[in-house]
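The paragraphs below lead through selected salt bridges and then through the surroundings of a ligand. Please keep the sequence and the model side by side while reading.

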Amino acid sequence: MSALPTPRRLENIQTDRGSVPVYATGTVEQPWDSYTEADHAVWRQLYARQQALLPGRACDAFLQAQARMRMPSDRIPKFSDLNEILGAATGWQIVAVEGLLPELDFFTHLANRRFPVSWWIRRPDQIDYIEEPDLFHDLFGHVPLLMDPMFADYLQAYGRGGVKAHGIGPDALMQLARLYWYTVEFGLIRQADGLRIYGAGIVSSKGESIYCLESAAPNRIGFDLERVMRTRYRIDTYQKTYFVIDSFEQLMDATRPDFAPIYARLTGQDTIPADAVLATDTVLQRGNGGA
Ligand code: PHE
Ligand code: FE
């Protein structure tokens with residue numbers, strides 16, 4: 001199934017990771033044949049390590065989506081194989097990119113049900129931490145939930161909202177970025193059997209998968225849209241605060257209203273430090289039932 005129009009090829013670009021063909025949209029072709037055995041070994045190692053951690057920690061929706069997607073555990077998946085399964089499930093497609101995209105390009109991809117995935121994987125010495133999103137984070141962390149119809153709709157709605165926010169201004173974009181950070185990247189969800197992870201930044205990280213549920217240090221606060229949109233975040237440490245949703249439906253409902261008046265109102269208000277707890281917060285207990 002090919003929901004994606006073939007992008008127009010511009011030229012080959014030489015990056016410090018090799019030469020890949022680049023397309024007008026900023027997408028590239030996944031250079032699958034040029035992955036080395038060391039690249040596949042990094043995937044294999046990270047995949048096995050996270051798989052062992054996720055039962056009892058990742059939410060059921062993530063685990064079920066992952067099982068249906070059947071990414072290979074022993075070698076880097078081919079995006080074209082995943083796209084057949086993903087396209088049939090929700091119409092989403094993966095596109096290969098060099099790395100982080102300009103905001104408007106990123107939002108436009110999401111609004112059209114295309115998820116940008118870095119084509120390259122981290123080096124063996126970067127197994128535990130990498131600053132930029134690589135293939136493992138993007139593919140293992142983000143792509144499974146695109147199989148979930150509700151989450152798939154949320155991410156597209158987010159992309160459309162991003163295009164809109166881009167036209168409003170930098171404050172709106174910052175507020176919307178916080179929503180992405182505290183849901184898509186670092187979101188927790190409350191299941192009947194305890195707190196679980198759905199955020200891609202957590203499920204792709206060994207340390208944070210454990211920390212976010214089991215450490216006494218971070219705050220776990222019930223999701224509140226405007227509270228989230230005012231809360232600053234740290235990109236260089238585990239999160240000080242996680243926001244907890246009850247369901248993807250709750251997230252959809254909370255984010256459905258027009259954000260324009262919300263942006264306008266919040267722009268006049270102070271931001272909230274990453275580690276603050278407010279009198280109005282619903283503070284949730286630690287614990288994930290199982291582990
Ligand atoms: N409702 C938002 C708006 O009007 C769009 C949006 C949906 C943003 C879902 C984020 C998540 O901008
Ligand atoms: Fe990410």
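Arg57 forms a salt bridge with Glu214, with 2.8 Å between the closest N and O atoms; the term stands for a side-chain nitrogen of Lys or Arg within 4 Å of a carboxyl oxygen of Asp or Glu. The pair links distant parts of the chain, 157 residues apart, since Arg57 sits in the loop between α1 (37-53) and α2 (60-69) and Glu214 in helix α9 (residues 206-214); helices (H or I, at least four residues) and strands (E, at least two) are DSSP runs numbered from the N terminus. Arg57 is buried at a relative accessible area of 12%, whereas Glu214, at 28%, counts as partly exposed; buried means under 20% relative accessible area, exposed over 50%, and partly exposed in between, with a 1.4 Å probe and protein chains only.

This is a predicted model, in which local features need pLDDT of at least 70 and side-chain atom pairs count only at pLDDT 80 or more, while totals for chains, interfaces and linings use all residues. Residues are numbered from 1 along each chain as its sequence is written, chains are lettered from A and ligands numbered from 1 in the order in which they are written, and side-chain values use heavy atoms, leaving out hydrogens and water.

The whole structure holds 14 salt bridges, and another of them joins Asp134 to Arg122, with the closest N and O atoms 2.9 Å apart. Here Asp134 is buried with a relative accessible area of 0%, and Arg122 is buried with 4%. A further salt bridge brings together the side chains of Glu226 and Arg265 at 2.4 Å, N to O. Because Glu226 lies in helix α10 (residues 225-230) and Arg265 in helix α12 (residues 260-267), this pair ties together parts that are 39 residues apart in sequence. Both partners are partly exposed, Glu226 with a relative accessible area of 24% and Arg265 with 42%.

We turn now to the ligand. The residues that surround ligand 1 include Tyr154, Lys164, Leu176, Arg256 and Phe259, where a residue is near if one of its heavy atoms lies within 4 Å. Helix α6 (149-168) and helix α7 (170-185) each supply at least two residues of this shell, and the largest share, five residues, comes from α6. A polar side-chain atom of Lys164 lies 2.5 Å from an oxygen atom of ligand 1, and a backbone N or O atom of Phe259 lies 3.0 Å from an oxygen atom of the ligand. Taken alone, ligand 1 exposes 320 Å², of which the protein buries 92%; accessible areas come from the Shrake-Rupley method with a 1.4 Å probe.

Methods:
A polar contact is a pair of N or O atoms within 3.5 Å; within protein, one must be able to donate a hydrogen and the other to accept it, and residues adjacent in sequence count only if both atoms are side-chain atoms.
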